[in-house]
Amino acid sequence: MSARGIEFLHKWVEENVPPYSTADPALAAKLAEQATADAIKAGIRPEEISEEVGSMLTTMLEVLDHRDTE
């Protein structure tokens, strides 16, 4: 497990995911792709995040579904 991967993801979500709930698979896919690309740019391997959360797409779908309740 990578603490820095999870810290990156939490910060990334706060800065990049809309603050409202939506069930938009296309948006989730776009966010998952961008989060992965940004992690790589930051020197974090995607595996460092997926070891903890699993699929980035599934994670983004869940985040979008619950965003306004957090």
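Colleague: What is the mean pLDDT of the chain?

Modeller: The mean pLDDT (the predictor's confidence in each residue, from 0 to 100) is 90, and 96% of the residues reach 70 or more. This is a predicted model, in which local features need pLDDT of at least 70 and side-chain atom pairs count only at pLDDT 80 or more, while totals for chains, interfaces and linings use all residues. Residues are numbered from 1 along each chain as its sequence is written, and side-chain values use heavy atoms, with hydrogens and water left out.

Colleague: Where is confidence lowest, and where highest?

Modeller: Helix H3 (residues 46-53) is lowest, at a mean of 90, and H2 is highest, at 96. Helices here are DSSP runs (H or I, at least four residues), numbered from the N terminus.

Colleague: Turning to H1, which of its residues are buried?

Modeller: Gly-5, Ile-6, Phe-8, Leu-9, Trp-12 and Val-13 are the buried residues of H1; buried means under 20% relative accessible area, and exposed over 50%, with a 1.4 Å probe and protein chains only. They lie on the same side of H1, because they cover an arc of only 155° around the axis, taken from the directions from the helix axis to the C-beta atoms.

Colleague: What is exposed on the other side?

Modeller: Ala-3, Glu-7, His-10, Lys-11, Glu-14 and Glu-15 are exposed there.

Colleague: Which helices do the buried residues of H1 pack against?

Modeller: They pack against H2, H3 and H4, where contact means heavy atoms within 4.5 Å.

Colleague: And what does Ile-49 touch?

Modeller: Leaving aside residues up to four places away in sequence, Ile-49 touches Gly-5, Ile-6, Phe-8, Leu-9, Ala-39, Ile-44, Gly-54 and Met-56.

How values were computed. Helices (H or I, at least four residues) and strands (E, at least two) are DSSP runs, numbered from the N terminus.
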